[in-house]
There are 2 protein chains.
Amino acid sequence: MEKKGAIGQSETRWDAISKVKGTAMFTADFPVQNMLHGKIVRSTIAHGRVLEFDISEAEKMPGVVKILLPEDMPQNQFATAGHPYNMIPEKRDVADRLILTRDVRVYGEEIAAVVAKTELQAVQAAEKIKVTYEEYPVYLSPKESMAEGAMRIHKERDNVIANTKVGFGDVEEELAKADYVLKEHFSTGVQQHVHMENQVAIAYQSEDQRWTCISSTQIPHICRRIIGEAMGMPWSQFRVKKPFIGGGFGNKQDVTIEPLAVAMTMACGGRPVQLAITREESLAFTRTRHAIDYDVQIGVNKDGHITAIDFDVYSNQGGYASHGHSIGGKGGTFIHALYKSDALRYAAKTVYTNIATAGAMRGYGIPQVMYALESIIDDAAEKIGMDPIEFRMMNAQPDNFKNTISKIKQKNFLIEECLKKGREAFEWDRKLKDSLNYKSGSKRRGVGVGSFSYGSGTYPFGLEVSGARLILIQDGRFKLMLGATEIGQGADTAFSQMAAEILGVPTNHVIRDFMTDTDVDPFDTGAYASRQSYITGFAVREAAEEMKQKIVERASDIYDVRPEYLDIVDSQIIYAYDGEVVTSLADLALASFYDMQHGQSIVAESAVNIHHNAYASGCTFAEVEVDVETGKVDLLSVMNVHDSGKIINPKLAGGQVEGGMAMGIAYGLSEGLRYNEKGKPLNNNLLDYKIPTTMDLPELDFEFVEEMDPLAPFGNKALGENPMNSPAQAIRNAVKNATNVAINDIPLSTQRVFEHMKENNVITVKNQADAK
Amino acid sequence: MEKKGAIGQSETRWDAISKVKGTAMFTADFPVQNMLHGKIVRSTIAHGRVLEFDISEAEKMPGVVKILLPEDMPQNQFATAGHPYNMIPEKRDVADRLILTRDVRVYGEEIAAVVAKTELQAVQAAEKIKVTYEEYPVYLSPKESMAEGAMRIHKERDNVIANTKVGFGDVEEELAKADYVLKEHFSTGVQQHVHMENQVAIAYQSEDQRWTCISSTQIPHICRRIIGEAMGMPWSQFRVKKPFIGGGFGNKQDVTIEPLAVAMTMACGGRPVQLAITREESLAFTRTRHAIDYDVQIGVNKDGHITAIDFDVYSNQGGYASHGHSIGGKGGTFIHALYKSDALRYAAKTVYTNIATAGAMRGYGIPQVMYALESIIDDAAEKIGMDPIEFRMMNAQPDNFKNTISKIKQKNFLIEECLKKGREAFEWDRKLKDSLNYKSGSKRRGVGVGSFSYGSGTYPFGLEVSGARLILIQDGRFKLMLGATEIGQGADTAFSQMAAEILGVPTNHVIRDFMTDTDVDPFDTGAYASRQSYITGFAVREAAEEMKQKIVERASDIYDVRPEYLDIVDSQIIYAYDGEVVTSLADLALASFYDMQHGQSIVAESAVNIHHNAYASGCTFAEVEVDVETGKVDLLSVMNVHDSGKIINPKLAGGQVEGGMAMGIAYGLSEGLRYNEKGKPLNNNLLDYKIPTTMDLPELDFEFVEEMDPLAPFGNKALGENPMNSPAQAIRNAVKNATNVAINDIPLSTQRVFEHMKENNVITVKNQADAK
């Protein structure tokens, strides 16, 4: 009997059928008896204070059950970022939120709320609430809110909420030693997650008088805690359930609507209240990717040696702290993870402004910093006349390098392999050569490359714990319970494969639940930081190994064979030494449950605290055609190559890569939330904020450099966010290669590219007067 | 700090508020999207075969989605009794059922089914199905179906489905030695459970394409298995969820409607189908208490010594085997448990007939056998002129007696204490004396006593396994997961008290779930046999002790104190030797979760297989006034006394006792399902089948002889069914004491008592002709 593992197989995701049939239950599908509907009243200014609410008309509107003002809410300041609680007070996320507030810091501030019998009635009543404001100056950028005399956005703290500095060596000295010093400014745009399902929560009082919140969240256990903190009540008094969720990409790693939903049901005697926000609200009033400005210097010698890398970082936090400081601070580690240098200085300021609060988003600050780094790296290679791939490979950190900042040993760090593999698979050299035929005229072609490195989870900066529980069922199949969350990425199918691999059964014999329930599922902090297949993978492995051991011991008792002689393959208990079948797993399970003398159910549960991190890497190759007369950039071909260790499920991994590439391409080329000078969002709808469709994208090619990471649970490393981390820089470098113009601000929108072409005299635009 | 335990406190049940408010969710309250409704088509004969279904009209009825005939169903014969699966084939319950069948064995046989968009549409379509039968002779009693030439009700097996014989000594010889031999015939009626909530199930295809059944069942895990057996599919493919349930009393220890509900959703492409039966269906077409006939002999010497007890038992099983053989066989053990004798013979036949299938009902055969035993015991005492209480005490098995039949050591077996305590508390002697003033005239008074013994669970005859899982929450409270089922009896509150007792926290810090879910809850066979507080109690104790040990060890790590120095009292970790507080449990929990170095959730899970049984006992004292002219028996006062070990929650225990007494009184006095000669039920509605209201009952007094059972998890023994086991015989003996007429058939309905008064010349009734 040959052992055919589940790991590495392209198993169909277990939820595929119900999603295709439309029977999969998402939060908004939950039928709850006698449900009310909530609506948030949002500020129509970006900075100021509510002086007065006039609710007299609203109260009279049909169906209104309750109007909630800031004064009706618990007054506990809380942090919304989805991180594990920190035992060290100064390391905790900034608690700068109230559920409702009169202090307006962003346009769309949550200043009041209405609960009504129908959603429409809630909307109509909310519109009748009249608000009188005192208005303050609006700061759209860190520069403005850091300026002398700028008023504090939160009176308790400075507008610069975090200063992060990491590095080593003497940057000034090493820069001085370099043959060349490049100094550039980079800026990135405000991207939104645009998960398919908007934020939605249903809260109600449970049968035991506690409070249940069904929510579309990436972080059920953290969400429970944050509701407890916001309410100022013991956390056990809340229960969070997460059914299927239509994506999150980090936006649902913030607890944005759940405390209000709970406050609504509390105000309505425990009746269920659904709080579902609209696409317009989700786009502009939840969280965004941080717009970050970088002042970067790099010292490089003629031979390609990098002497120093120097980053000054200004992260636009928006109105609330959210994930700000950890995102601002994260870049230094991964610059160092990717490239050797004699000195590194990375200094980040995270700054309150009056635009939408920035939070976690796929890549968590890394797409930004890698955009800046890989742009200047490319420029440096050009400066010394070196092939950009060669330059990267020469300076790449070697396998087994120990990261000075994080102290993580970069085991199996294979960025060089990625670059090498991609160069061939992408046909870089041919395409580069072909592009030489398109260096004049209106359509110009070029190729570009960009790399990144990324961690698997948050260690050593964050707590990394997880748990798994496996239950043997009477027919020899298993139920797998996890606190880790399936958010559409396919995690559950991967976890079933992991358990199946150890237990010697088909993947579909390991049953997962569509609902994560904080009351019963093992503690796990949730879906973020590309942590789950790595961190939770350890928990699954440990539980599965314990389960296997217990099964084998039970078989050993019953069949009088030493346990070390036994194994489980293809759902059979076999003699490990010759493969002969002892009994079926199903028969053993039956005996386990029902033997009068020894009958007992078999359950295995793990709880792990992981003190390691597996650094992944990868790169994007891009070929573009730039219409220099219009500024339109056409992506002709693109390829990602990933060093993510063993791929658990190639089909699902491919889905992740394609989705991430699309998001990364759009990040580089088109997506950006815009504001007017008063801080009002201008394009918070899917007509004006355009996400790419398949029609807007080329074939999304990808490759894996697949090697087992010996320090990972199944040889696997981060992959979820990674594909997003390099397309923008590859495109920017390709546009530069095509046009000879280095554009340092993304997105490379048609307008922006056009302006740069004009500024750099690639084209000459006659004004109308001249034309006449 | 004084340790105040949770055990023995009258804690309010945790579900009280939601039940009073009406927010508690029972099966029928579940809103499921797009739900269809099922209706069973039942036979209108009691014995025969369906020759033809004409569904042509029914098919055309509005809203009909599916009409199901026996041929559309899986053809796997299955057993409906809620017992653990047995590894020994011959010990398994008799698999004599199909989901739908053309072979009609009872009136109301499930022969077809309709699924429609509304319940009314389903009912209306069902009425349009025309059925042609071949009719067979109808057997209403064991005597008829055992008669020479009677046809087999199931062609595969004899109408006598089980012969059970237990005993010891030579009964003939010992009877011959006795000074007196009493020989009597007893019979009992058909009682129905009349749980508040009728059977109801909702089945649908789950998100993972498995099949979920929400059901009002006492036995979720067993229900899952039986659905699997009925469907012929792996048991893991089913998931049973039990929300709040409005009583069961054993009727929901049979799996009667769930396989059909599942078959209905399968036939409808996985759409949810609710199958809710009516009160009329529940009364006559689910399960009943067995009507049993007893031929009893007892040998007694003048000095009160019992030489032999001899029981010939004929149990009327109805159309299907259900729990038949185990109920038929159970009596011998508990006759022996209660009384000494030189010889005992107990021979029971369980016999198919064409009345409603009998199954489990509170007391599980013991109310019947104890009725017969305690009646003849009373008659024997009278025969030798001995005080009936003295006679019982003299012959009662002593404490620590080892039961010869079950091999169970009857630790703390305190029937003598119960009789003694009751004699005083009931004021037996005064009431007996007072009754002497009412021995003539139309209203006659008397007192009677009746005892019983009962087990805690099914060991050694059945498998007794359970499990419990405790989860420490971040605020130092706990979630308790169990497969044991709250069915209204208050089990969950008792379990929380048990865990709280060990963990040193208030009861309401141990959170229970209103939903039992076979997918995630520990394996436990469910609520029956008064097993849960005993068997599951061991599981709770073991899990709580493991949890406490883990907490103490964590505290030991953090506070650098040897674990044996620590204890938990009032949610504080204290030094056990002087009570000084080390830290709060809440703070320790927080550190446990979030310490960067060692942070880990703490979970404890137990799985127990209990090889013991704690024999409980008790008795009822009754004072009656019999109107000999009408036959009406008025119960003036009544008292139960219970030897059930330590009482976990006096308030809840009191509720159980009062409910059981009411049911036992009605069993003795009034309740009985009746059939016409064709086997058609005559009174399957609550107008004609009368259950007593508080207006019909006297004050229900009770006492406990409360002593810790050292072999029980918390000193506790069975109580749930016990209160039902003795009222009938106490009333029968009181009626005898009042009228000097021994009536051996229950219920002692007015009509029956009147007839006996007439027969025994207590009254003379002139017929109309005479009167003229």
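Before we start, a definition: helices and strands here are DSSP runs, numbered from the N terminus, with a helix needing at least four residues and a strand at least two. Keep in mind that this is a predicted model.

**Exercise 1. A lysine with positive phi**

Solution: 
- Step 1. B:Lys407 is a residue other than glycine, with a positive phi near 65°.

**Exercise 2. Two serines, two side-chain contacts**

Task: For B:Ser145 and then A:Ser584, say which element holds the serine and which backbone atom its side chain reaches.

Solution for B:Ser145:
- Step 1. Go to helix H4 (residues 142-146) of chain B, where B:Ser145 has its place.
- Step 2. With a relative accessible area of 4%, B:Ser145 is buried.
- Step 3. List what B:Ser145 touches, leaving out residues up to four places away in sequence: B:Tyr139, B:Ala150, B:Ile153, B:Asn159, B:Val351, B:Tyr352 and B:Thr353.
- Step 4. Pick B:Tyr352 from that list: its backbone oxygen lies 2.6 Å from a polar atom of the B:Ser145 side chain.

Solution for A:Ser584:
- Step 1. This one is in a strand, namely E25 (residues 581-584) of chain A.
- Step 2. A:Ser584 has a relative accessible area of 19%. The limit for buried is under 20%, so A:Ser584 is buried.
- Step 3. The backbone nitrogen of A:Asp587 is what the A:Ser584 side chain reaches, at 3.0 Å.
- Step 4. Not counting residues up to four places away in sequence, A:Ser584 touches A:Ser571, A:Gln572 and A:Ile573.

**Exercise 3. A helix pair in chain A**

Task: Describe how H11(A) packs on H12(A), and find which residues meet.

Solution: 
- Step 1. Helix H11 (residues 388-395) and helix H12 (residues 415-425) of chain A have axes 9 Å apart, and they pack at an angle of about 160°.
- Step 2. That makes H11(A) roughly antiparallel to H12(A), because angles over 145 degrees count that way.
- Step 3. The crossing of H11(A) past H12(A) is left-handed.
- Step 4. From H11(A), the residues are A:Ile389, A:Glu390, A:Arg392 and A:Met393; they meet A:Glu416, A:Leu419, A:Lys420 and A:Arg423 in H12(A).
- Step 5. Sort that contact by class and you get three nonpolar, no polar and five charged residues.

**Exercise 4. A helix pair in chain B**

Task: Work out how H10(B) and H18(B) are oriented and what makes up their contact.

Solution: 
- Step 1. The axes of helix H10 (residues 366-383) and helix H18 (residues 727-739) of chain B come within 8 Å and cross at roughly 30°.
- Step 2. Angles under 35 degrees count as roughly parallel, so H10(B) is roughly parallel to H18(B).
- Step 3. H10(B) passes H18(B) in a right-handed crossing.
- Step 4. Residues on the H10(B) side include B:Pro367, B:Met370, B:Tyr371 and B:Glu374, and those on the H18(B) side include B:Arg732 and B:Lys736.
- Step 5. The contact of H10(B) with H18(B) has four nonpolar, three polar and six charged residues.

**Exercise 5. Cis prolines**

Solution: 
- Step 1. The bond runs from A:Ile746 to A:Pro747, with omega near 0°.
- Step 2. A:Pro747 is found in the loop between helix H18 (727-739) and helix H19 (750-759) of chain A.
- Step 3. Now try chain B: the peptide bond from B:Ile746 to B:Pro747 is cis, and B:Pro747 is in the loop between H18 and helix H19 (750-759) of chain B.

Technical notes
Residues are numbered from 1 along each chain as its sequence is written. Chains are lettered from A and ligands numbered from 1 in the order in which they are written. This is a predicted model: local features need pLDDT of at least 70, side-chain atom pairs count only at pLDDT 80 or more; totals for chains, interfaces and linings use all residues. Side-chain values use heavy atoms; hydrogens and water are left out. Axes are lines fitted to C-alpha atoms, for helices over the stretch in contact, and angles run from 0 to 180 degrees between N-to-C directions. Angles under 35 degrees count as roughly parallel, over 145 as roughly antiparallel, 65 to 115 as roughly perpendicular and the rest as oblique. A crossing is left-handed if the near helix is turned anticlockwise from the far one by less than a right angle, and right-handed if clockwise. Contact means heavy atoms within 4.5 Å. Ala, Val, Leu, Ile, Met, Phe, Trp, Tyr, Cys and Pro count as nonpolar, Asp, Glu, Lys and Arg as charged, and the others, Gly among them, as polar. Buried means under 20% relative accessible area, exposed over 50%, partly exposed in between (1.4 Å probe, protein chains only). A polar contact is a pair of N or O atoms within 3.5 Å; within protein, one must be able to donate a hydrogen and the other to accept it, and residues adjacent in sequence count only if both atoms are side-chain atoms.
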